[in-house]
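Let's take a friendly walk through this protein chain together. Have the viewer open and follow along.

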Amino acid sequence: MQPVRWGILSTAKIGRVKVVPGMMKSPLCAVVAVASRDAAAARDMAAELGIAKAYGSYDALLADPEVEAIYNPLPNHLHVPMTLAAAAAGKHVLCEKPIAITAEEAEQLTQAASQVLIAEAFMVRHHPQWQRARELIQSGAIGDLRSIHVVFSYFNVDPGNIRNRADIGGGGLLDIGCYAVVAGRYFFDAEPVRVVALVDRDPSFGVDRTTSALMDFGSGRQLTFIVSTQSVPFQRVQILGTKGRIEIEIPFNAPPDQPTRIYLDDGNLHGNRSARAIEFPVVDQYQLQGEAFSRAVRGGTAPGYGLEDAIMNMRILDSLRRSEASAGWEAV
Ligand SMILES: NC(=O)c1ccc[n+]([C@@H]2O[C@H](COP(=O)([O-])OP(=O)(O)OC[C@H]3O[C@@H](n4cnc5c(N)ncnc54)[C@H](OP(=O)(O)O)[C@@H]3O)[C@@H](O)[C@H]2O)c1
C-alpha cells in the first residue's frame, strides 16, 4: 500500500505532541505538510517533526494537490467549518473529537461525507486494551454486563486554553465527556435511551467544569460518569458484570511508550487481590488510528466509525446538555 499523504491543520498541541508523531511511525502515513495561521509556527513544527512543507494559512494547505487527507485538530468551533472546507477541496478528513458543538452542526457534514471519508478521532477504540475488554465482555467472561463507571479528570484553569473558552466550544463535557459516552456505546454495544446530568460551571469562564451523569442503556444497563476540568488528574473505566469486573487502568491517555494493563477480577477477594492483570505491549493508539483511516482511504472503504457514529455521539452530548437545563431525565 502506498502511504496516504496527510496534511495537518494547525500546530495544535495534540497534533504536534501525540497524533503526528504517532502517524509518522507508520509506513501507511506520510505527513507531507502542516499549516498554521502563523507561518513561523508552521515552519517550527515542520522542522521539529521533519515535515517537508509548511504553510502560513489553512487555505494554502487545502489547495495543495499532494495532500490527500487532512487531520483537523482545530478548536471545537472550527471542526465542522474546516472539515467542510477540506472536503470541498477533495480531501478526506480525520477530525478531532468532538466532531462538532451539536448534533445539528455535525449533520451539516452529511453531504460531504458522501464524497470523501470523514471520521471522528476517538483513538481509544483503536487500542488493543479497549478491544480486548470488549472481547472479554462478549465472551461472557464477566457474566451479564450490568454497569460501566467512567472517571476522567484533569486540572486546567488557564483562561487562554481552548477548554476554558465558552465561545469556541470549551467545557469538560465536550472535551472529555465525549469519551465517557463513547465508552458506554462501545462496551454495551448499544445506544442510551435517556440521560440525566448534574453540571457545575466555572463562574468566570462559563464552561462546565464538573459534570456527573447517569445514562440508561435499557435492559437494566447503566453508565455513570464524572468528568472534570478542575480536579486532580485521574482516569479509570470500571465495567461490572454479574460474575466479574474489568478495570482499564489508563483508558484514555494510554502511553505510547509503555505497556498498559487491564484487570479482570472475579470479585473473590476485596482490594483488587483477586484481579488478574492482562498486559498489552507498547503500542501507539494514534499510530493505529492513522493507519486505520489510511487503510480506509486506500481501500475506498468506509471508516470503521464514520459520520453516523459521530452524529450519534453528539446527540447524546446534546441530551446531557438539555438535562442540565431541565434538571431532569432527557430522552436521547
Ligand atoms: N484525541 C486526543 O487525545 C485529544 C487530546 C487533546 C485534544 N484533542 C482535541 O484536539 C483539538 C485541539 O486541542 P489542543 O489542546 O491540541 O488545542 P491547542 O493546542 O490550543 O491547538 C488548537 C490550534 O488551533 C489553531 N486555532 C485556530 N483558531 C484558533 C482560535 N480561535 N483559538 C485558538 N486556537 C486556534 C491554533 O493553531 P495555529 O495557530 O497553528 O493556526 C491552535 O494551535 C480539540 O478539538 C481537542 O478536543 C484531542
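What you see is a predicted model, in which local features need pLDDT of at least 70, side-chain atom pairs count only at pLDDT 80 or more, and totals for chains, interfaces and linings use all residues. Residues are numbered from 1 along each chain as its sequence is written, and side-chain values use heavy atoms, with hydrogens and water left out.

Let's begin with the overall form. For 332 residues, a compact globule would have a radius of gyration near 20 Å, and the protein chain agrees because its own value is 20 Å. That radius is taken over C-alpha atoms, and the globule rule is 2.2 Å times the number of residues to the power 0.38. Along its principal axes, the C-alpha trace spans about 60 × 45 × 35 Å.

How much of the chain is buried? Of the 332 residues, 55% are buried, meaning under 20% relative accessible area with a 1.4 Å probe, protein chains only. Among contacts (heavy atoms within 4.5 Å) with a separation of 6 or more, 67% come from residues 24 or more positions apart. The accessible surface, from the Shrake-Rupley method with a 1.4 Å probe, comes to about 13,700 Å², and carbon and sulfur atoms account for 52% of that.

Now to the sheet. Nine strands form an open sheet with mixed pairing, in the order E14-E13-E12-E11-E7-E10-E9-E8-E15; two strands pair if DSSP finds at least two bridges between them. Strands E14 (275-280) and E15 (330-331) stand at the edges with a single partner strand each, so one side of each has no neighbour in the sheet.

Within this sheet, strand E7 (residues 145-155) runs parallel to strand E10 (residues 222-228), and seven bridges pair them. Look for Val 150, which stands opposite Phe 225 in E10.

Strand E13 (residues 260-265) is largely enclosed by the rest of the structure, because five of its six residues are buried. Strand E12 (residues 245-248) runs antiparallel to E13, joined by four bridges, and here Ile 246 stands opposite Leu 264. E13 and E14 also run antiparallel, with six bridges between them; Tyr 263 has Ala 277 in E14 as its bridge partner.

Methods. Buried < 20%, exposed > 50% of the residue type's maximum accessible area, 1.4 Å probe, protein only. Helix = DSSP H or I, 4+ residues; strand = E, 2+ residues; numbered from the N terminus.
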